[in-house]
Amino acid sequence: MSSVKLRLNKNRLLKNGTYPVVIQVIQNRQKKQVSTRYYIRACEFDEHAEKMLHVPALNTSKQVKQVNKNLSAMKEEVKEVLDRLEKSNVYYTIDDFLRLYKSRNGKDDFFLFMDEQIELKQKMKKTGTAKAYISTLHSLKKFDHMEFLPYDRIDSYYVDKYIQNLIMEDDCQNTIGFYIRNFRAVYNRFRKERKDEGKNPFDGIKTKIEKTHKRALPKAEIARIDQMDLSSEPLKECARDLFSFSFNTMGMSFVDILKLTKKNLMDDADTLIYYRSKTNQLV
């Protein structure tokens, strides 16, 4: 018989003092956790009753009632999957549960849909958009700490917590805006396919772009770096040489430096020609 309990994941404390609320499933002494979209403080959770508590300074009774209702529904969904497994195979494993749970929610899995959008953009040769979606997907998985995210769990609470987490991670405004714009773009496409006319969790969220502060080194500092004697520290000397080479080739990216061969050097030995990896532009 499997054990199903609502727990706080005490191994993952966020900088704002909250823990992820997870559904812990134990089968034959093997333990797995299913993510929920909720992050709350230890003082807001009753481990014995498996419920969120009303703490006047931190939440409202209305919020607590709604969260407990949703958590209870998620727990019942997990139990339904386990009951189905027990009826079909009494020797099922915890991995069987995860596969069935994920496949049951597969059509609603936002992470799976995002993977499909990345593949589509790559086929369309829109590599920049594909890379942006990949970065955003990694960020969301790091925040959610799970490999799948049901569509109906993305609400204004989830989006707000994600933004708060980015702020707590000291991401700058432009980085936060980058992730949110990509998240919203894929979500809106998924929403359109589902013909969902309910409230959009991104309504009212603005992502302004701040002007980047230029951080140029003075000419004298560049010269000083070039002239430093680093012969006793070969790793630093190599790093300095790569930096200087990049600087003197109009800021060539590191990936393009790695791809250089003698064929990139013209016969006069004064001209270097290459195609930028990012844009395929001839330089």
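Predicted model: local features only at pLDDT ≥ 70, side-chain atom pairs only at ≥ 80, totals over all residues.
Me: What makes the pair of Tyr 38 and Tyr 157 tilted?
Reply: The planes of Tyr 38 and Tyr 157 are 50° apart. Stacked needs under 30 degrees, edge-to-face needs over 60, and the rest are tilted.

Me: Why is Tyr 38 called buried?
Reply: Its relative accessibility is 3%. Buried means under 20%, so Tyr 38 qualifies.

Me: Why is Tyr 157 called partly exposed?
Reply: Tyr 157 has a relative accessible area of 27%. Buried stops under 20% and exposed starts over 50%. The value of 27% lies in between, so Tyr 157 is partly exposed.

Me: What is the volume of the largest pocket, and which residues are closest to its centre?
Reply: The largest pocket holds about 430 Å³ of space. Its lining has 22 residues, and the closest to the centre are Tyr 38, Gln 63, Val 67, Tyr 157 and Lys 161.

Me: Which elements supply the lining of the largest pocket?
Reply: β3 (30–40), α1 (61–88) and α5 (156–168) each give at least two residues. α1 gives the most, with 5 residues. By class, the lining divides into 7 nonpolar, 8 polar and 7 charged residues.

Me: What lines the second largest pocket?
Reply: This pocket has about 220 Å³ of space. It is lined by 13 residues, with Ser 139, Lys 142, Phe 143, Asn 165 and Glu 169 closest to the centre. α4 (127–144) and α5 each supply at least two of the lining residues. α4 gives the most, with 4 residues. The classes are 5 nonpolar, 3 polar and 5 charged.

Me: How many aromatic pairs are there in the whole structure?
Reply: The search finds 14. Ring pairs also join into a cluster, whose members include Tyr 39, Phe 110, Phe 143, Tyr 151 and Phe 190.

Me: Where does the charged end of Arg 194 sit?
Reply: It sits over the ring of Phe 190, 6.0 Å from the ring centre. Elsewhere, Lys 10 lies over the face of Tyr 19, at 5.7 Å from the ring centre.

Me: Why is Lys 75 called buried?
Reply: Lys 75, in helix α1, has a relative accessible area of 15%. The limit is under 20%, so Lys 75 is buried.

Me: What makes the link from Lys 75 to Glu 50 a polar contact?
Reply: The two side chains meet at 2.9 Å. A polar contact needs N or O atoms within 3.5 Å, so the distance of 2.9 Å passes.

Me: Is Lys 15 buried or exposed, and why?
Reply: Exposed: its relative accessible area is 55%, and exposed means over 50%. Lys 15 is in the loop between β1 (3–8) and β2 (19–27). Its C-alpha lies 6.0 Å from that of Met 168, 153 residues apart along the chain.

Me: What is the phi of Asn 28?
Reply: Asn 28 has a positive phi of about 50° and is not a glycine. Most residues other than glycine have a negative phi. Asn 28 sits in the loop between β2 and β3. At 59% relative accessibility, Asn 28 is over the 50% cut-off, so it counts as exposed.

Me: Why is Lys 195 called exposed?
Reply: Its relative accessible area is 72%, and exposed means over 50%. Lys 195 is in the loop between α6 and α7 (219–227). The phi of Lys 195 is near 55°, a positive value in a residue other than glycine.

Notes: Residues numbered from 1 in each chain as written. Heavy atoms only, no water. 1 Å grid on protein atoms, 1.4 Å probe; cavity = no way out; pocket = protein on both sides within 12 Å on 5 of 7 lines; lining within 4 Å. Points joined across faces, edges and corners; volume = space filled by probe spheres on them. Nonpolar A, V, L, I, M, F, W, Y, C, P; charged D, E, K, R; others polar. Phe/Tyr/Trp six-rings, centres within 6.5 Å; stacked < 30°, edge-to-face > 60°. Buried < 20%, exposed > 50% of the residue type's maximum accessible area, 1.4 Å probe, protein only. Lys NZ or Arg CZ within 6 Å of the ring centre and 35° of its normal. Polar contact = N/O pair within 3.5 Å; in protein donor to acceptor, adjacent residues only side chain to side chain.
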